[in-house]
Amino acid sequence: MKWPTKSRSKRRIMRRTPGGRNVVHLKPRKQSKAHCAVCRQALKGVAQKGAASEKRPSRPYGGYLCSACVRQMMIERARA
Ligand SMILES: [Zn+2]
């Protein structure tokens, strides 16, 4: 089999053409969901499409930490 390119930035999908040939189609990889930097849980309220300012929750560390970790961090800071 002849691969179209050595690049792995796109995912490879095998397709059978109407003529019966097996060919490799290159498709963009699926974007992974944003994850919290502390607990690694998938972040809620982070959209894949739209402007950067519209994609993230507009609070401190929005789109970087989950709400539980932000709350925990702020409590620890206030106590320190
Ligand atoms: Zn978290």
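Me: Where do domain bounds come from, and which domains does the chain have?
Reply: Domain bounds come from an automatic or database domain assignment, and for this chain that assignment gives domain 1 (1-30) and domain 2 (32-80). The C-alpha centres of domain 1 and domain 2 lie 36 Å apart. This is a predicted model, in which local features need pLDDT of at least 70 and side-chain atom pairs count only at pLDDT 80 or more, while totals for chains, interfaces and linings use all residues. Residues are numbered from 1 along each chain as its sequence is written, and side-chain values use heavy atoms, with hydrogens and water left out.

Me: Which atoms coordinate the zinc ion?
Reply: Donors are N, O and S atoms within 2.8 Å of the metal (3.2 Å for Na, K and Ca), and water is not among the atoms, so sites may look incomplete. Here the zinc ion is coordinated by the SG atoms of C36, C39, C66 and C69, at 2.2 to 2.4 Å, and along the chain these donors follow the spacing C-x2-C-x26-C-x2-C.

Me: Why is the arrangement around the zinc ion tetrahedral?
Reply: Four donors count as tetrahedral if all angles lie between 85 and 135 degrees, and because the four donor atoms around the zinc ion subtend angles of 100 to 116°, the arrangement is tetrahedral.

Me: Is C36 buried or exposed?
Reply: Buried means under 20% relative accessible area, exposed over 50%, and partly exposed in between (1.4 Å probe, protein chains only). C36 counts as buried because its relative accessibility is 0%, whereas C39, at 35% relative accessibility, counts as partly exposed.

Technical notes. Tetrahedral: all angles 85-135°; square planar, octahedral: opposite > 155°, others 65-115°.
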